[in-house]
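Dear colleague,

Please find the structure below, together with its sequence. My notes on what was found in it follow.

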Amino acid sequence: MKKRTIKKVAVIGSGIMGSGIACHFANIGVEVLLLDIVPRELNKLEEAKGLTLESPIVRNRIVNDSLKASLKSKPSPIYNQKFASRITTGNLDDDLHKVKDVDWIIEVVIERLDIKKQVFDNIEKYRKKGTLITSNTSGIPIKFMNEGRSDDFKKHFAVTHFFNPPRYLKLFEVIPGPDCDQEVTDFLMMYGEKFLGKTSVLAKDTPAFIGNRIGIFGIMSLFHAVKEMGLTVEEVDKLTGPVIGRPKSATFRTVDVVGLDTLVHVAKGLYDNVPKDEAHDLFKLPEFIQTMMDNKWLGSKTKQGFYKKTVDDKGKKQILGLDLDTLEYRAPKKAKFATLEATKSIDNVIDRFKVLAKGKDKAGDFYRKNFAAMFAYVQNRIPEISDELYRIDDAMKAGFGWEHGPFQIWDAIGIEDGIKIMKDEGYEVANWITEMLNEGNKSFYAVKDGAKFYYDIPSKSQVKIPGQDAFIILDNIREAKTIWKNSEASIQYLGDGVLNVEFQSKMNTVGGGVLQAINKGIDLAEQEYEAVIIGNQAANFSVGANLAMVFMLAIEQEYDELNMAIKYFQDTVMRMRYSSVPTLITPRGMTFGGGCELSLHADKVVAAAETYIGLVEFGVGLIPGGGGSKEMSKRVSDLWIKDDVKLNRLRDVFINIAMAKVATSAYEAYDLGFFQHHKDIVVVNADRQIATAKKHAIQMLTDGYTQPVPQKVRVLGQQALGMFLVGTDSLVSGKYASEHDQKIANKLGYVMAGGDLSEPTDVSEQYLLDLEREVFLSLLAERKTLERIEHTLKTGKPLRN
């Protein structure tokens with residue numbers, strides 16, 4: 001069989017989804033041809049310029065405007081704006097012949113079968129045999145799209161359903177056509193996971209596939225229950241958000257962002273196309289939803305939905321909530337439940353479900369009703385929408401941002417307790433679940449020998465979930481492979497001489513326990529093992545140092561203890577840099593402050609593409625004190641450029657730290673100097689990070705890892721300090737910065753210049769670390785700095801003063 005590689009794709013249709021898909025292929029280095037229709041008439045600007053419908057700029061206006069709007073949207077669909085150069089635009093009349101040169105054609109046009117068929121007719125004129133052809137339809141059956149197509153087209157045709165926005169939502173549903181070659185299906189599943197960084201889920205050609213079938217059922221079920229239970233929109237969002245491992249936007253805020261019309265479109269499609277579904281009537285719109293549709297209260301796009309932003313006469317902003325009984329907007333209502341209070345001490349979301357399901361208040365009633373409906377529904381979707389239960393969980397986690405899928409939640413509550421909840425709500429239990437229990441299987445999932453297994457209905461046994469061998473999943477190995485732990489971190493042995501240090505503190509903050517674990521990991525590697533990875537698989541690698549501890553010590557004026565704590569941090573990062581074993585780190589998500597400083601000092605960074613990294617200490621009135629200020633100065637010093645050019649580079653780094661700039665992707669982190677091209681790499685699928693880091697650790701050892709030797713750092717002294725002071729003066733005089741901001745910036749400049757030296761000088765890293773620590777401590781003695789820290793701890797937002 002000929003090896004299939006994807007060098008170039010064509011995306012047909014440049015709407016929000018089409019442009020987003022094009023950007024994500026550009027993200028991973030693929031060349032993209034993005035095509036759309038030719039405008040039928042000129043706009044006023046084109047008329048004023050004397051252009052005609054034959055002018056090239058007019059003919060490509062729709063595609064160019066769509067892509068431009070996409071690239072400007074927030075959050076950005078592209079890792080780095082430079083990557084947009086990988087996308088070539090064109091139109092379907094002049095440029096469709098170019099699809100003969102691509103490896104994969106993706107159709108993303110309007111959801112109308114007649115238009116899709118017309119597009120496919122035209123594609124067939126130019127498509128070379130063997131080229132992949134897929135549709136992003138969310139519901140048109142493949143058998144209809146296959147009508148009139150050639151045998152080669154049908155052999156290579158499938159649905160590849162991306163979720164919006166394609167960069168951020170991980171679900172990639174693959175639905176092979178009835179004539180699709182198995183090789184094509186296998187390739188698409190592999191490509192989605194390995195190259196696009198997705199969770200590839202094999203689905204059947206049923207209405208709304210897996211993600212939207214279950215997700216829309218959940219929302220519609222809630223719509224019907226919410227009025228009956230007398231819950232407010234704020235209460236529902238409190239109950240269905242982070243407390244159960246769902247996004248902050250929860251239910252009603254999410255609908256406002258996505259658009260009520262989008263949800264209604266899918267729900268109506270399900271109502272029309274699943275007449276035999278036992279929950280068919282739930283897909284019918286409740287009266288209050290129909291009224292909102294009639295009123296065009298669709299959410300963010302119409303400025304009001306379940307919530308409405310307002311500004312009063314005094315300019316004060318307020319978010320009003322919709323009263324579902326009166327359908328009038330009213331002041332926001334606080335949501336508080338005793339059941340939720342009972343879960344506050346439970347850090348792991350999965351451990352909360354048992355408590356939530358036993359709640360004695362309205363929240364407990366809500367969860368029982370909600371869980372019962374969901375359990376009853378998903379049990380009956382097998383084998384209709386999937387033969388394997390784990391695919392349903394994968395789809396909900398990857399497509400809707402749930403931490404745990406329905407079957408995982410059922411396991412957490414206990415299958416028998418879940419059945420009782422269902423029966424109390426009037427639902428029947430599926431035969432396969434009764435048989436499963438009778439056979440002695442008490443859970444849907446099990447972990448054995450570091451791998452995850454699921455209950456397979458046909459064989460009535462636990463079967464290993466395929467595709468795990470490419471990953472190291474810490475949840476699966478933690479119990480068996482942990483060789484050391486304290487209250488904030490643990491060390492696992494990954495095999496082949498490689499250790500992993502995993503943070504387990506709240507929000508993965510870096511405190512004494514985490515630093516102890518890093519040092520212990522290096523101790524063990526230097527004595528008995530070979531290499532150390534610092535990696536975890538939380539949503540966010542680390543939000544930085546333990547700010548609450550720093551604040552407490554500063555308030556109590558325990559400066560000796562603070563000095564020791566900061567020096568311990570600095571000594572730890574330097575140990576990472578100069579140990580006799582390779583140190584690797586796997587940042588992902590938010591990697592702020594101390595988390596960034598740890599990354600700066602590892603031998604190799606294996607970053608997730610979605611890494612948001614930065615030295616953000618300035619926001620709380622401090623400078624980077626864990627080696628960050630020193631290291632960014634050193635990186636400029638290491639450049640083989642003249643001192644006057646270094647001065648400009650140093651200014652750029654200084655500005656980035658003073659503005660607390662955060663990279664919006666791992667690729668942007670290269671531009672900001674946090675990652676280095678000669679040693680650091682990016683992995684698109686975060687699930688592969690630790691396995692990839694282990695491979696690189698082994699390769700570093702095979703190549704003959706040598707302990708690094710400290711080098712001097714060239715600092716520019718008064719030459720750099722003068723530049724910094726002039727710059728901060730102009731910012732204050734122009735009212736762009738406060739005098740307190742200037743004080744912090746001047747102290748940062750003092751460190752980065754290497755102090756008030758009369759000429760450029762070569763100094764040790766320790767010299768700069770001592771300066772950095774001295775300035776950090778001096779800022780902690782400032783009342784305004786403590787005010788900033790206190791404000792940040794209370795609100796989660798920085799204060800400017």
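Glu558 is partly exposed, with a relative accessible area of 34%; buried means under 20% relative accessible area, exposed over 50%, and partly exposed in between (1.4 Å probe, protein chains only). Please note that this is a predicted model, in which local features need pLDDT of at least 70 and side-chain atom pairs count only at pLDDT 80 or more, while totals for chains, interfaces and linings use all residues. Residues are numbered from 1 along each chain as its sequence is written, and side-chain values use heavy atoms, with hydrogens and water left out.

Glu558 lies in the loop between helix H23 (547-555) and helix H24 (559-578). Helices (H or I, at least four residues) and strands (E, at least two) are DSSP runs, numbered from the N terminus. On the surface, Glu558 belongs to a patch of negative charge together with Glu556, Asp560 and Glu561. A patch is made of residues with over 30% relative accessible area and no salt bridge, with like charges joined within 9 Å and nonpolar side chains (Val, Leu, Ile, Met, Phe, Trp, Tyr) within 5 Å. A salt bridge is a side-chain nitrogen of Lys or Arg within 4 Å of a carboxyl oxygen of Asp or Glu.

Two residues deserve attention for their backbone angles. Most residues other than glycine have a negative phi, and most peptide bonds are trans. Ala250, which is not a glycine, has a positive phi of about 55°. Ala250 sits in the loop between helix H10 (233-239) and helix H11 (252-258). Is Ala250 buried or exposed? At 12% relative accessibility, Ala250 counts as buried.

Met507 also has a positive phi, near 55°. Its loop runs between strand S17 (498-503) and helix H22 (512-527), and Met507 counts as exposed, at 55% relative accessibility.

Cis peptide bonds come next. One leads from Lys74 to Pro75, with omega near -5°, and Pro75 lies in the loop between helix H4 (61-72) and strand S3 (87-91). Another joins Asn164 and Pro165, with omega about 0°; Pro165 is in the loop between strand S6 (157-162) and strand S7 (171-176).

Finally, there is a hairpin formed by S15 and S16, with three residues between them. Strand S15 (residues 482-485) and strand S16 (residues 489-495) pair in the antiparallel sense over three bridges, where pairing requires that DSSP finds at least two bridges between the strands. Lys485 has Ser490 as its bridge partner in S16.

Yours sincerely

How values were computed:
Accessible areas come from the Shrake-Rupley method with a 1.4 Å probe; for residues, only the protein chains shown count as cover. Lys and Arg count as positive and Asp and Glu as negative; His and the chain ends are not counted. The place of a charge is taken as NZ of Lys, CZ of Arg, CG of Asp or CD of Glu.
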